[in-house]
Amino acid sequence: MAKGDVDFSKFAGVVVLTNATGFNEDLYGTPGPVTIAGKSYAIGGMVAEEDKPMNEIFHEAGHSLGLVHSRMTPPRPSPTTATRGTS
Ligand SMILES: [Zn+2]
């Protein structure tokens, strides 16, 4: 079955697991819209490597279903503003 034969509007989303390994692939999830072969669909989508931990894949699957983070993550300190302990 080719991508042109599939009516993606009948699905909740598209999951792409690539055979890339070693954290070289994007890890991404979106509630949509998703564009496939030039056509936009009101569905979610996600991309991950096949060797990502399942909790990270599930995290992005949640984004593809419209879930957002339940809390803010603190900003990472920049190297110039990070405090250093005295010793
Ligand atoms: Zn997230």
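Q: Before we look at loops, what counts as a strand or a helix here?
A: Both are DSSP runs, numbered from the N terminus. A strand is a run of E with at least two residues. A helix is a run of H or I with at least four.

Q: OK. Where is the place of Pro-33, then?
A: Pro-33 sits in the loop between β2 and β3, and β3 covers 34-36.

Q: And the peptide bond from Gly-32 to Pro-33, cis or trans?
A: That bond is cis, with omega near 0°. As a general rule, most peptide bonds are trans.

Q: Is this an experimental or a predicted model?
A: The model is predicted.

Q: What pLDDT does the chain average?
A: The average is 84. Of the residues, 79% score at least 70.

Q: Where does pLDDT stay under 50?
A: Over residues 81-87. For that stretch the model has one contact beyond four places in sequence.

Q: Now the overall layout. How many helices and strands does the chain have?
A: One helix and five strands. Along the sequence they read β-β-β-β-β-α.

Q: Which strands form the open sheet?
A: Three strands do, in the order β1-β5-β2, with mixed pairing. The edges are β1 and β2, and each of these pairs on one side only. Neighbouring strands are turned by 10° against each other on average, ignoring direction.

Q: Which way do β1 and β5 run, parallel or antiparallel?
A: Parallel. Strand β1 spans residues 13-18 and β5 spans residues 44-49, and six bridges join them.

Q: Which residues are bridge partners there?
A: Gly-13 has Gly-44 of β5 as its bridge partner. Val-15 has Met-46, also in β5.

Q: And β2 with β5, parallel or antiparallel?
A: Antiparallel. Three bridges hold the pairing, and β2 covers residues 28-30. Within it, Thr-30 is bridged to Gly-45 of β5.

Q: What do the strands of a sheet pair through?
A: Backbone hydrogen bonds, in either a parallel or an antiparallel arrangement.

Q: Where does helix α1 lie?
A: Helix α1, residues 54-64, lies across β1, β2 and β5. The helix runs at about 165° to β5.

Q: Back to β1. Where does Val-16 lie, and what is its C-alpha separation from Ala-48?
A: Val-16 belongs to strand β1.

Q: Why does Val-16 count as exposed?
A: Because it has 11 C-beta neighbours inside 10 Å. The cut-off for exposed is 12 or fewer.

Q: What about Asp-51, where is its place?
A: In the loop between β5 and α1. Asp-51 and Thr-18 are 33 residues apart in sequence, with 8.9 Å between their C-alpha atoms.

Q: Why does Asp-51 count as partly exposed?
A: It has 13 C-beta neighbours inside 10 Å, so it is classed as partly exposed. Exposed needs 12 or fewer, and buried needs 20 or more.

Q: Which strand does Thr-35 lie in?
A: Strand β3. Its C-alpha is separated by 9.6 Å from that of Gly-45, ten residues away along the chain.

Q: Thr-35, buried or exposed?
A: Exposed, because 10 other C-beta atoms lie within 10 Å.

Q: Switching to backbone angles. What is the phi of Phe-23?
A: About 65°, a positive value although Phe-23 is not a glycine. Phe-23 lies in the loop between β1 and β2.

Q: Phe-23, buried or exposed?
A: Exposed, because it has 10 other C-beta atoms within 10 Å.

Q: And the phi of Ala-37, positive or negative?
A: Positive, near 50°, in a residue other than glycine. Most residues other than glycine have a negative phi.

Q: Where does Ala-37 lie?
A: In the loop between β3 and β4, where β4 is 39-41. Ala-37 has 9 C-beta neighbours inside 10 Å, so it counts as exposed.

Q: Last bit. What share of the chain do buried residues make up?
A: They make up 9% of the 87 residues.

Q: And among contacts between residues at least 6 apart in sequence, what share join residues at least 24 apart?
A: The share is 56%.

Methods:
Residues are numbered from 1 along each chain as its sequence is written. This is a predicted model: local features need pLDDT of at least 70, side-chain atom pairs count only at pLDDT 80 or more; totals for chains, interfaces and linings use all residues. Two strands pair if DSSP finds at least two bridges between them. Axes are lines fitted to C-alpha atoms, for helices over the stretch in contact, and angles run from 0 to 180 degrees between N-to-C directions. Two residues are in contact if their C-beta atoms, placed from the backbone, lie within 7 Å. pLDDT is the predictor's confidence in each residue, from 0 to 100.
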